[in-house]
Amino acid sequence: MKVLVPIKQVIDANVRPRVKADGTGVDLANVKLSINPFCEIAVEEAIRLKEKGKASEIVVVSIGPAKAQEIIRSAYALGADRGLFVETEERVEPLAVAKVLQAIIAAEQPGLVILGKQAIDDDSNQTGQMLAGLLGWPQATFASKLEVDGDRATVTREVDGGLETLALTLPAIVTTDLRLNNPRYPTLPNIMKAKKKAIDVKKPEDFGIDITPRLKVLKVSEPPARKPGIKVASAEELVKDLKAAGVL
Amino acid sequence: MTTLLLADHDNATLGSATARALSAARELGADVHVLIAGSNAKPAAEAAAKLEGVAKVLLADDPSLDHQRAEPAAALVVALAKDYDAIVAPATSSGKNILPRAAALLDVMQISDIIKVVAPNTFERPIYAGNAIETVESTDTKKVITVRGAAFPAAKEGTAAAPIETVAVTPAESGSAFVSESLSKSDRPELTAARIVVSGGRALGSSEKFNEVLLPLADKLHAAVGASRAAVDAGYAPNDFQVGQTGKIVAPELYIAIGLSGAIQHLAGMKDSKVIVAINKDEDAPIVQIADYSLIGDLFTIIPELDKALG
Amino acid sequence: MPDYHAPVDDMVYLLEEIFKADGVFAELPPYSEVNVDLARTVLEEAGRLCSNVLRPINLSGDIEGCRLENGVVTLPKGFKEAYKAFVEGGWPALSLEPEYGGQGLPRTIQILVDEMLSGSNLSFGLVAGLTRGAVETIEAHAPADIKSKYLPKMIEGTWSGAMALTEAQAGSDLGLLKTSAKPRGDGSYTISGSKIFISSGDQDLTENVIHLVLARLPDAPPGSRGISLFLSPKFLVNEDGTLGARNNVNVGSLEHKMGIHGHATCVMNYDDAQGWLIGEPNRGLNAMFTMMNAERLFVGVQGLGLGEASYQTASAYAKERKQGRVPGGKETCTIIEHPDVRKMLLTMLSFIEAARALTVFTALEMDKEKTHPDAEVRKTATGLIALLTPVIKAAFTDFGFETTVLGQQVLGGHGYIREWGQEQFVRDARIAMIYEGTNGIQAQDLVLRKLTLDAGAPVGTFFAFISETLAQAAGQPATAAIAQRLKTAFEQLQATTKKLQAGDFANATDQNGAANDYLRFFALVTFGWLWLRMALTTIAKGEAANSRDKRKLALAEFFTSRILPQTASLAEQIEAGSKPLMALESDAF
């Protein structure tokens with residue numbers, strides 16, 4: 001079975017994002033970029049499936065600006081077999097990504113697609129679900145456990161208040177939550193090999209897909225600063241204030 | 001111009017997230033219909049009908065919708081969508097699971113996790129884990145939106161109940177099946193994942209007092225329990241309770257610091273909490289300086305009062 | 001404990017913008033496929049391992065320490081697992097020979113990884129560093145059968161290496177050592193003697209420990225010309241490469257020491273242990289010294305790495321800790337607002353970044369020395385390395401230690417308690433000033449040997465680099481003040497150097513007594529030179545200069561105005577000669 005893993009490059013999880021002064025977005029110049037942590041978990045899960053003999057080939061796909069190709073190499077260094085990169089300097093929304101992936105999947109015919117549940121930049125949490133919808137495939141989001149047996153996958157999902165287990169008929173879409181696994185570190189020999197490995201580069205036009213954004217970003221601003229604290233006189237007043245603030 | 005609100009419920013009861021999402025949905029300016037997709041979900045529908053500002057409740061009752069799996073639930077939303085200009089759901093695990101699937105089938109780019117309705121087509125939403133706020137305008141004719149509950153007040157119950165209308169469901173092969181669930185309702189949540197953290201310091205005086213005073217309050221709030229290093233070092237609380245530089249780093253919605261001064265290494269572990277409450281007898285304590293709300297006084301008097309005020 | 005973030009961006013900046021490493025590697029056939037892009041990826045991944053695996057066991061390892069029970073050494077909790085991750089990642093092999101399974105990457109990348117290892121967990125990093133030193137020595141001097149028997153496992157990290165030099169009566173003066181080696185008649189030797197201070201003499205991370213032992217053959221001449229080098233493994237190795245019987249290489253005890261508690265520093269007993277000769281008889285010190293430059297560069301970088309680690313915590317703390325008010329201010333401010341705290345942080349930073357630049361400069365020379373096709377280039381590189389090695393070893397560890405003390409000071413009382421890890425850096429940094437040739441020995445090496453090496457050719461080459469940079473700065477108003485300060489100090493350094501070269505003092509005692517001050521003087525001017533280079537790079541970018549570039553310019557200004565003037569005082573101290581040092585009779589002490 002072939003496993004397809006779509007991945008995204010984002011600002012590194014350890015870097016504190018800074019909003020640009022002109023309000024057009026977050027400053028990405030001279031900022032460390034990395035593979036989205038949830039996507040890395042997806043790559044790791046695919047590799048584990050391959051190590052267990054459940055997957056035969058791992059194909060990673062990414063869409064983004066030219067420099068985002070680096071994350072295909074990161075995935076190679078972890079153990080992905082083949083990479084496909086769709087290059088565009090445009091902002092690509094989850095819906096457009098899902099459409100491009102749909103086209104790639106039509107050609108690749110994977111038995112399973114594993115994605116991160118969300119990217120830590122736009123925090124949309126949509127692509128996997130959208131892709132499942134477009135393909136008409138079953139989905140299991142926020143996976144904390146994945147078992148594949150023949151043409152069935154059993155997935156434990158993290159839901160509000162606990163866990164839910166679903167059985168899916170393959171092909172299917174699975175999105176990863178944090179506790180699914182701990183991604184391995186790439187080995188030095190694999191890092192060196194990854195540098196030499198080919199990446200198949202395409203453009204969105206090659207798939208005949210219009211990626212024009214549907215959302216206009218009017219402004220990106222700093223979150224409101226912490227307001228100066230207030231002293232409350234009694235426990236009742238505190239409870240009232242906390243309820244008004246929406247945290248109780 | 002009508003808005004469809006996909007409710008979050010467990011068939012028997014309606015989640016509070018739905019009442020909050022309803023407030024956001026109403027800000028779009030149109031009538032709101034609440035969709036209850038479930039199995040034997042009449043009680044949830046009746047609860048929804050009581051909420052102020054609900055024009056109508058649609059009850060789609062079918063065994064296939066029992067666990068609100070994404071495939072049938074999204075198909076249902078898509079089938080109903082033609083009559084609506086906006087489709088809204090709370091950004092709960094269920095709403096986040098179902099709505100994007102429906103959005104794609106409607107060829108709409110969803111707006112996730114909104115915290116403010118600026119105009120019926122313009123919204124604010126947090127990005128970069130809340131480190132920035134994005135204002136977006138949707139150019140889709142239909143809007144599909146998920147709502148961050150904490151940003152909106154919960155709609156109250158109204159005086160009259162809205163009518164409940166039954167919607168026909170055509171079950172289809174979905175490729176997914178519910179196997180089991182394990183919900184940990186009563187267990188105290190894990191410290192780093194908890195929405196509320198109640199933390200205690202040395203002022204609690206002993207491990208007995210720590211347990212006696214802090215734990216019931218935490219349980220009442222479904223909160224995780226934390227402790228300062230001083231309290232851990234003094235043996236009042238176990239090691240894995242420690243919040244701070246050397247302990248766990250937490251950023252809950254609500255952090256209640258009780259009888260702890262807020263040494264810099266403690267602050268480093270919790271300063272990103274959304275709302276910080278300090279209960280301390282020293283009004284110059286560092287924790288009071290960074291708290292959003294502080295209540296100055298003896299914790300052994302305040303906590304019982306707080307317990308009472310919480311009802 | 002605070003996190004460690006590998007300073008990869010700063011490292012890449014040096015490779016890319018200051019030293020144009022792509023151009024250097026392109027000229028070196030074995031590294032023709034290496035470029036800054038690859039270096040960045042390797043450094044990032046190594047940095048991740050250091051941050052996530054090694055740093056979390058640094059403080060706990062310091063507290064727990066190593067144990068010796070029934071002759072078995074156990075390292076602190078988590079070290080075994082971390083070492084496994086390190087070996088599985090292939091990191092021990094980074095710069096070692098591809099012929100025996102190494103990855104064959106340049107030393108320049110290795111030394112930057114070494115900085116991260118030192119900064120995140122020196123106790124751990126030493127294990128890998130010592131193995132590498134042993135591998136390089138075996139590679140250069142051992143016969144082919146020994147190489148193929150030992151190197152693959154050592155390069156892989158399955159076996160480790162240790163260097164057994166010091167004895168109770170033989171420290172800086174190895175000529176005094178007594179350990180003996182007698183031929184067995186089968187080509188091997190019987191080694192008997194005791195060694196002290198043996199870093200990584202044993203541990204529970206690897207299957208075998210390969211000792212390189214200095215010992216005397218029966219007919220050896222006395223002194224340092226009668227010392228030979230032997231390989232003596234903890235477990236004997238069968239012909240097929242599997243482990244055989246236990247050799248009589250035993251840990252007598254663990255040294256109780258000030259720092260690097262997570263590292264097993266052993267008293268080793270070789271009780272008729274079997275060993276094999278490495279290199280020529282009686283040429284053991286020469287064989288060992290082949291690797292000395294690399295080892296000393298590694299030790300210097302330990303000071304740099306610990307300084308960086310201490311700076312990271314200190315700067316983060318200073319930005320959060322609220323104490324006091326700025327003059328005229330009403331609100332309590334963060335301590336970074338206080339000029340004195342800033343001065344400490346800037347002092348730290350201006351050392352760290354200049355030292356890192358000198359590291360990259362020197363490591364690139366080492367890569368050239370090893371692989372450049374042009375013999376002239378190799379020769380120049382050899383001279384520069386010889387000159388700079390004692391400077392790096394001593395100055396980086398002296399300044400590195402001072403840096404960790406400043407980093408401790410910024411935290412006040414929190415720097416003195418364990419929790420923030422600052423006091424550990426101070427203790428760990430202290431050893432680097434002592435081992436691998438004390439800093440006093442380094443200064444003697446610089447003044448008495450290196451200044452006059454090849455009739456002063458290396459120092460001439462090096463000073464020409466400084467003159468060249470000063471020439472580039474001429475007519476550049478934005479860096480005029482920086483260049484002028486450097487020029488003043490440099491002219492003074494040249495004058496003092498000339499005197500020392502000529503022995504233009506009353507006697508050799510003057511050179512000896514001047515050495516330490518001179519080394520510091522030399523290092524400060526060298527740092528000033530590197531700061532001017534970085535400042536000029538910023539200026540050359542004009543409008544395109546980013547915040548990092550501007551930061552470099554500000555640091556160049558700080559260093560040359562607030563630190564570099566110390567050179568005037570050093571020049572004066574040297575000028576005062578040894579008379580005040582020798583005035584008292586020994587009995588008067």
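Helices (H or I, at least four residues) and strands (E, at least two) are taken here as DSSP runs, numbered from the N terminus. On that basis, chain C comes to 20 helices and 11 strands. The model is a predicted one, so to speak of local features takes a pLDDT of at least 70 and side-chain atom pairs count only at pLDDT 80 or more, while totals for chains, interfaces and linings use all residues. Residues are numbered from 1 along each chain as its sequence is written, with chains lettered from A and ligands numbered from 1 in the order in which they are written.

Chain C first. Its C-alpha atoms fill a box of roughly 80 × 60 × 55 Å along the principal axes. For 589 residues, a compact globule would have a radius of gyration near 25 Å, and the 24 Å of chain C agrees with that; the radius is taken over C-alpha atoms, and the globule rule is 2.2 Å times the number of residues to the power 0.38.

Within chain C, helix α16 (residues 480–502) packs on helix α19 (residues 566–575) at about 20°, the axes lying 10 Å apart. That makes α16(C) roughly parallel to α19(C). Axes are lines fitted to C-alpha atoms, for helices over the stretch in contact, and angles run from 0 to 180 degrees between N-to-C directions; under 35 degrees counts as roughly parallel, over 145 as roughly antiparallel, 65 to 115 as roughly perpendicular and the rest as oblique. The crossing of the two is left-handed, meaning that the near helix is turned anticlockwise from the far one by less than a right angle (clockwise would be right-handed). On the α16(C) side, Ala489(C), Gln492(C), Leu493(C) and Thr496(C) make the contact, and on the α19(C) side Thr567(C), Ala568(C), Ala571(C) and Ile574(C). Residues count as in contact if their C-beta atoms, placed from the backbone, lie within 7 Å. By class, this contact has five nonpolar, three polar and no charged residues, with Ala, Val, Leu, Ile, Met, Phe, Trp, Tyr, Cys and Pro as nonpolar, Asp, Glu, Lys and Arg as charged, and the others, Gly among them, as polar.

Now for the interfaces. Chain B puts 66 residues in contact with 62 residues of chain A. Helix α4 (residues 93–105) of chain B gives the most to the B side, with nine residues, and that side divides into 34 nonpolar, 19 polar and 13 charged residues. Between chains B and C, the contact takes five residues from each; those of chain B split into two nonpolar, three polar and no charged.

Chains A and B also share sheets. Strands pair if DSSP finds at least two bridges between them. Six strands form an open, parallel sheet in the order β13(A)-β16(B)-β15(B)-β14(B)-β12(B)-β13(B). At its edges stand β13 of chain A and β13 (224–227) of chain B, each with a single partner strand, so one side of each lacks a neighbour in the sheet. The twist averages 20° from one strand to the next. Across the chain boundary, three bridges join β13(A) (residues 230–232) to β16(B) (residues 293–296), with Tyr293(B) as the bridge partner of Ile230(A). Helix α5 (residues 207–220) of chain B lies across β12, β13 and β14 of that chain, at about 170° to β12(B).

Definitions and conventions. Two residues are in contact if their C-beta atoms, placed from the backbone, lie within 7 Å.
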